[in-house]
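Please look over the chain below with its aromatic side chains in mind. This briefing is meant to be read beside the sequence and the model.

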Amino acid sequence: MASAQLSGCAPSSPPQPRSEPADRPALSSPAARSILLAYFSRPGENYYYGQRRFLEVGNTEVLAQMISSRIDCDLYRIQPADPYPEDYSETVERNVQEQDADARPAIAGPLPSLDRYDTVLLASPIWNVRAPMIMTTFTEKLDVRGKTIFPLTTHAMSGLGTTERDYAASCPGARFGEGLAIRGEEVNGAQAEVDSWLQRTGLRRA
């Protein structure tokens, strides 16, 4: 976003079977846990090294698919009931309004049950230093007590932004693992970084 940059991404179906911040929990073996990767991604006109580029698939969706191809997890795509515009500037303006109003944009479709999961990966772009407000809608509606949460972001320059702090506030009783931030323009070539993070966190064993 110029003063409030959008970076990152691009509808959700229920999970498809396929498969605090300072206190990093030890993880059990993959066979002993079930993982949900919930992501919000926006296609359309996106920030690209100071310019704009149209994306058929949003950056965060690229990252989510990359991770889901490497670990046994279910995917849930967070879709807004009122889709964000394809136009970059219009989305920037709407996001600023939602942040200023501390809004909770509605999510289309049913939310997943977390009963069978003990690990939740939350993936989103970073817009104006934080995750889009729809991510707070999602986290506040679910009972994540006792779950381990890993924040994932695609960004222009803000890394994880305020996601760790924001999720800690909206996810009482959850534990937090090491987050992963990938620059949006570089997500297609982030395989090595993703692999290193998956092994470091124990989400995938070498």
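The points below go from the overall fold to the aromatic pairs and then to one strand. The model is a predicted one, and its protein chain holds 5 helices and 9 strands. A search of the whole structure finds 6 aromatic pairs, and two of these are described in detail here.

**Overall fold**

- Of the 206 residues in the protein chain, 55% are buried.
- The accessible surface of the protein chain amounts to about 8900 Å², and carbon and sulfur atoms account for 48% of that surface.

**A stacked pair: tyrosine 76 and phenylalanine 138**

- In general, the distance of the centres and the angle of the planes describe a pair of aromatic rings.
- The search of the whole structure, with its 6 aromatic pairs, includes tyrosine 76 and phenylalanine 138, whose ring centres are 5.7 Å apart and whose planes stand at 25°, so this pair is stacked.
- Because tyrosine 76 lies in strand E5 (residues 74–77) and phenylalanine 138 in helix H3 (residues 133–140), the pair ties together parts that are 62 residues apart in sequence.
- Both partners are covered: tyrosine 76 is buried with a relative accessible area of 0%, and phenylalanine 138 counts as buried at 2% relative accessibility.

**An edge-to-face pair: phenylalanine 150 and tryptophan 197**

- The ring centres of phenylalanine 150 and tryptophan 197 lie 5.9 Å apart with the planes at 90°, which means that the pair is edge-to-face.
- Phenylalanine 150 belongs to strand E7 (residues 148–155) and tryptophan 197 to helix H5 (residues 191–201), so their pairing ties together parts that are 47 residues apart in sequence.
- Phenylalanine 150 counts as buried at 2% relative accessibility, and tryptophan 197 likewise counts as buried, at 0%.

**A cluster and a charge over a ring**

- One aromatic cluster is formed by Phe40, Tyr84 and Trp127.
- Tyrosine 84, a member of that cluster, also has the charged end of arginine 94 sitting over its ring, 3.7 Å from the ring centre.

**Strands E7 and E9**

- Strand E7, which carries phenylalanine 150, pairs with E9 in the parallel sense over 4 bridges.
- Within this pairing, leucine 152 has leucine 180 of E9 as its bridge partner.
- In a regular strand, side chains alternate between the two faces of the sheet.
- Strand E9 (residues 180–183) has a covered face made of Leu180 and Ile182, whereas Ala181 and Arg183 make up its uncovered face.

Note on methods
Residues numbered from 1 in each chain as written. Predicted model: local features only at pLDDT ≥ 70, side-chain atom pairs only at ≥ 80, totals over all residues. Heavy atoms only, no water. Phe/Tyr/Trp six-rings, centres within 6.5 Å; stacked < 30°, edge-to-face > 60°. Helix = DSSP H or I, 4+ residues; strand = E, 2+ residues; numbered from the N terminus. Buried < 20%, exposed > 50% of the residue type's maximum accessible area, 1.4 Å probe, protein only. Lys NZ or Arg CZ within 6 Å of the ring centre and 35° of its normal. Pairing = 2+ DSSP bridges. Areas by Shrake-Rupley, 256 points an atom, 1.4 Å probe, with all protein chains shown as cover.
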